Every structure is written in C-alpha cells, then in structure tokens.
Amino acid sequence: MVVQASGLPIDMNSASRMRSIVNRLAILVTGTYLVFVGTIVFSSEGSDFLVYYNAALAFRDGANPYDVPTYTYSPLFVQLLQPLVFFSGPQARLIWFFLQVICLAVLIAVCIRMSGSRYARQYWGLTTLCTFTAMPTYLDLVLGQVGSFMAAFIVTSYILAQSRPFLASFLLSFSIVIKLYTAVIWFAYVQIQRWKMAYSTIVFCLLLVFVSIAIGGQNGYIHFATELMQGSAYPHTAEHNNSLFGYWLRLFTTNPFVHPLIPCLLYTSPSPRDGLLS
C-alpha cells in the first residue's frame, strides 16, 4: 500500500485492474466489430479477392491466370491459393477473412513488442481495437486484399533479422516473390551491409521461383513478365501497385478513386483506357 502526500492510500493494483477492464472491453468491441465486418465479407466476395479467386480457378483449369482482368501477382500466389478453389466463392472469401484476421493479430503483437511502448503494452486491447477499426484495415478486410499478409511477413522478418536471419530472409523472400515492390527492403539490407540477409534473400527467392516453376511450368512466369512490362491490366504508369509514377498520379491528380491532395492539371488528361489517367 502506497500513501499519497495527502495521506490518502493508493491501491497499486487498482490501476492494473482498470487496465485489465479496459483491455477486455476493447477486445469485446473488436470481436463485435469483426463479426460485423465478417457479415459484410460473407455477403460479398470482395473485388480484390474475387480477382485472386478467379485467377486460382483459371490455374486449376489449365488456363492462363493473367487472362483474368487486373491480376498482376506472381504465379506462386495462385499456386498457394489452390486449396481455396475447393470451396465456393463466399466460403473461400470467409476463410481468407479469417486468415487476414490472424495475420493482423500477429502483426499487432509483433509491432507492440518492437515499439517498446509502455502504453501500447499496458493498453494492448485498445491498440488492437484501433488497428482493426482503422480505415486502411477495414478496406483491406472488406476487399480481401493481401496487405495484412505482406505487413505481417515484412515486420516479422524485420524483428527476426538479428536473431534468426535465415528465417527472416525467407519471410522477406516470400513477400518479394508474391509482390515485387517489397524488394525495396532488400536494398536497405544491402545499404547497411547485412550481407547474410541480402545473400540468403536472393537464394530463397530463386528457390521459391524454381519450386513454383517445377509445379506450374515456366509459362506462368513468362506471362507474369509480359504483364508487368506491357501493363495489359492498366497502362503501366497508371498502375499504382507496381509504379511509383502511378502512385504519384493517384495522389496528385483527378481520378476515379480519390480526390487529389494537390490538383495537378498537367496530368489530368483522360486516358483512352478505362478512364484512367495517362
């Protein structure tokens, strides 16, 4: 028991009990919120996930997954999605949603540990609630995107880089082979001369590609390279996922997706393809 200067006693356990109550309430609200989001997910296959699912179906049937409009991920990704094609679209979407939630939970736990923040550790329930209810997280869950998976792989790789560099490099390689822009992180390891991470990441990337080719053949990667070079889904410069210039356009020009931060009339001429900017 601690006594204040005023002479009133303070129960040191009361603050701990209050934090416990706050965290439990936050987790209860988070669970309720996820049930609500799950009902939205189950009633709609989600625009992004529908692309992945249709590409996986095309691969299963021996067709070219890059004939599916807007599919620009690697052949390894559709191979990993093959277990989902045994389910109907809504069922597969719900399974994907649960996997997203698990990855987000791992991401939150790792980030709390990495941050070293006393408040984040004490109010981990509130941290979880704020993360799950943030608009980017909501959009990732509802649309069935891969952002939660990529974030979990990258952040976990970062925290393991010191203690388990080979596992860390495998996770980074996995994210690179699925979505190429994550290779930017590899250059950071080269810059700080973390050669074990840099070299093992290259080896794991090549290994994953070779295994993928052994499973599905080399034609998938030929189509993948063609997709990236020719930009058949979008004009390459307008594809914000694969092009920094496209990302710039989305931020600063008039477009169908968002209001520009700073209108830039130089780039606002309409594109002949799908109304995108040229």
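Author: Before we start, contact here means heavy atoms within 4.5 Å. Helices are DSSP runs of H or I with at least four residues, strands are E runs of at least two, and both are numbered from the N terminus.

Reader: Fine. What sort of model is this, and how are residues numbered?

Author: This is a predicted model, where local features need pLDDT of at least 70 and side-chain atom pairs count only at pLDDT 80 or more, while totals for chains, interfaces and linings use all residues. Residues are numbered from 1 along each chain as its sequence is written, and side-chain values use heavy atoms, with hydrogens and water left out.

Reader: Which residues of helix 4 and helix 8 meet?

Author: From helix 4, Trp-96, Leu-99, Gln-100, Cys-103, Leu-104, Val-106, Leu-107, Val-110, Cys-111, Arg-113 and Met-114. On the helix 8 side they meet Ser-148, Phe-149, Ala-151, Ala-152, Val-155, Thr-156, Tyr-158 and Ile-159.

Reader: How many are nonpolar, polar and charged?

Author: The contact of helix 4 with helix 8 has 15 nonpolar, 3 polar and 1 charged residues. Ala, Val, Leu, Ile, Met, Phe, Trp, Tyr, Cys and Pro count as nonpolar, Asp, Glu, Lys and Arg as charged, and the others, Gly among them, as polar.

Reader: What's the angle between helix 4 and helix 8?

Author: About 30°, with the axes of helix 4 and helix 8 (residues 147-160) 8 Å apart. Axes are lines fitted to C-alpha atoms, for helices over the stretch in contact, and angles run from 0 to 180 degrees between N-to-C directions. The two helices are therefore roughly parallel; that word covers angles under 35 degrees, with over 145 roughly antiparallel, 65 to 115 roughly perpendicular and the rest oblique.

Reader: And helix 4 against helix 6, at what angle do they cross?

Author: Roughly 130°, and the axes of helix 4 (residues 89-115) and helix 6 (residues 124-133) come within 11 Å. That makes helix 4 oblique to helix 6. Helix 4 contributes Val-101, Leu-104, Ala-105, Ile-108 and Ile-112, and helix 6 contributes Trp-124, Thr-127, Thr-128, Thr-131 and Phe-132. This contact divides into 7 nonpolar, 3 polar and no charged residues.

Reader: Which residues of helix 6 are buried?

Author: Gly-125, Thr-128, Leu-129 and Phe-132. Their arc around the axis is only 100°, so they sit on the same side of helix 6. The arc is that of the directions from the helix axis to the C-beta atoms, and buried means under 20% relative accessible area, exposed over 50%, partly exposed in between (1.4 Å probe, protein chains only).

Reader: Next pair: how far apart are the axes of helix 9 and helix 11?

Author: They are 8 Å apart, and helix 9 (residues 165-178) packs on helix 11 (residues 195-216) at an angle of about 50°. That makes helix 9 oblique to helix 11. Among the residues in contact are Phe-166, Phe-170 and Phe-174 of helix 9, and Met-197, Phe-204 and Leu-208 of helix 11.
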